[in-house]
Structures are given as C-alpha cells and as structure tokens.
Amino acid sequence: MKSHPSMRHCNSHDFRRSADTMIDEDPFDYYFLSESRRKVWNYYRLHSVASDGYPVTRSAFDDSRTVEHPMSGAYMILEILNAAKNGNPDTRLINERADQVALAAQNRMEELNDSYVYFYEPDDGVTPYQFKFFSALTQARYLGAIGRLYLQTKKSEHKDFAFALARSFRIPVEEGGIFLENDLGCFFEEYPTELPLYVLNGWISVLNELFIHARKLKDNQIKGLAQRSARTLGSEPNQRVA
C-alpha cells in the first residue's frame, strides 16, 4: 500500500503524544476559522495545535486533560478547505495547512487489511469504552475530507489515501472491522459488538460518504458495496428493525 510521500509511518501512540508539544499560534487563527466557526469549535473545546498540525481539544471526561480526538482531523481538513469560501484568498497556504492535517491524521492511523484505520483506544480521554476499536462514521468523515482534498489539489497521494480508507469498509466485524453481513443484509457498524447496533443515522451518513467517494473518485468496488448496503437499508425487514 502506498504511503504519503516522506511519511515515516510510526505507531499512532508516538504521534498522540505530540499533544505535549504545541505550535505557538492561536488555533482558531491557524485553522482559518471564521467567527461563526470559532463559536462551534469553542463548543467542541478546541485547545491548541499539536507540533505536526493536528487539532488538540480538551477531553469531555476530564477538563484538565487535552486529547487528540480521532474525528477532529477530518472535520478540521474541511474547515481549512472552506476558508476560501470565507474570504481567505491564499489557496496555497490553505492547501498546505490541509495537507499538514491530513498527513498528521494518517500518521496516527494504523495499517489494517490494506487500509488505514484510526483507532479509538481505552483511556484515551475520548471514549468511555475499555476496548480498542475503529468507527465506520469516523472512517467515513475522513473519506469525505481526503476525497475533497484530492479534488482540490489533484495530488495522487491523497487519492491513494482515500482509496485505502475506502477499503476499511470491507473489513468484517469478525476481524475487528465495521462491515457486518448477516441474514438481513449488509451493514456498517459504529464498532464491533456481540449484539449488532444498527445505528440508523450513522449508517445513512456512512452510505452518503461512500456514494460521494465512489462517484467522484470512480471507485466501483465501493460503489457496489454501498449499493448492497443501501438495498439492505431499504428492505422491508430492516425498516421494521429501524
């Protein structure tokens, strides 16, 4: 699997410790956040910028602790790319900052079954669950963000990254993944559980990102998988489950 150029792929824990060292700049300015978006990120407890550009927030479970939430990188890439719509004319710097956050996120991920996944960890200050897992919704948010970054920059490494993220949706729950197939059809789970969760809003959000990715980046394998899952969603037995 191709990695981002110049990427030194390390254990994700090495990069999560980067919250100990920060870029000395106001994070709201660093990520080009507009006044309205500053209010949103203030609500989400944005604290600072890690040394490699990843957003650092305060833990929802311990106000004295700073964390690197797996979802924050995906959302921040989109925030940066939206800066042009909010009046920032410096496309070069916008792309550079978005590239930086994308690389920082990729370096926090782990390789699994020819894909990249961003794991939630026990005692990470982000989740209350005491087991390691990755989330279909988090993977989908990165898929959308990296796909949009590729469409803006046309850099092949972003396309490779997006396709690797897409492959994570084929990892079965039996192997610690998020793809569940049973008598009812095929689903994407928030995380592996003995009793399937069938979280409807997350499932729809994931399907939306998969279809956008498949259409814009012409990924026919993911298109077929998304179509199968959409048929499951629309089937009568699953309307009763939902």
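This is a predicted model: local features need pLDDT of at least 70, side-chain atom pairs count only at pLDDT 80 or more; totals for chains, interfaces and linings use all residues.
| Helix pair | Axes come within | Crossing angle |
|---|---|---|
| H4 (residues 70–81) and H6 (residues 136–153) | 9 Å | roughly 30° |
| H6 and H7 (residues 156–167) | 8 Å | roughly 160° |

Because angles under 35 degrees count as roughly parallel, H4 and H6 are roughly parallel to each other, and their crossing is left-handed. On the H4 side the contact is made by Pro70, Met71, Gly73, Ala74, Tyr75, Ile77, Leu78 and Leu81, while the H6 residues include Leu137, Tyr142, Ile146 and Leu149. Sorted by class, the contact of H4 with H6 has 12 nonpolar, three polar and two charged residues.

The second pair is oriented in another way: because angles over 145 degrees count as roughly antiparallel, H6 and H7 are roughly antiparallel to each other, and H6 passes H7 in a left-handed crossing. Here Gln139, Tyr142, Leu143, Ile146, Gly147, Leu149, Tyr150 and Thr153 in H6 meet His158, Lys159, Phe161, Ala162, Leu165 and Ala166 in H7. The residues of this contact of H6 with H7 divide into nine nonpolar, four polar and one charged.

Helix H5 (residues 91–108) can be checked by its length, since at 1.5 Å a residue its 18 residues should span 26 Å, and its end C-alpha atoms are 26 Å apart, which agrees. H5 is also mostly covered, with 13 of its 18 residues buried.

Note on methods:
Residues are numbered from 1 along each chain as its sequence is written. Side-chain values use heavy atoms; hydrogens and water are left out. Axes are lines fitted to C-alpha atoms, for helices over the stretch in contact, and angles run from 0 to 180 degrees between N-to-C directions. Helices (H or I, at least four residues) and strands (E, at least two) are DSSP runs, numbered from the N terminus. Angles under 35 degrees count as roughly parallel, over 145 as roughly antiparallel, 65 to 115 as roughly perpendicular and the rest as oblique. A crossing is left-handed if the near helix is turned anticlockwise from the far one by less than a right angle, and right-handed if clockwise. Contact means heavy atoms within 4.5 Å. Ala, Val, Leu, Ile, Met, Phe, Trp, Tyr, Cys and Pro count as nonpolar, Asp, Glu, Lys and Arg as charged, and the others, Gly among them, as polar. The expected span of a helix is 1.5 Å times one less than its number of residues. Buried means under 20% relative accessible area, exposed over 50%, partly exposed in between (1.4 Å probe, protein chains only).
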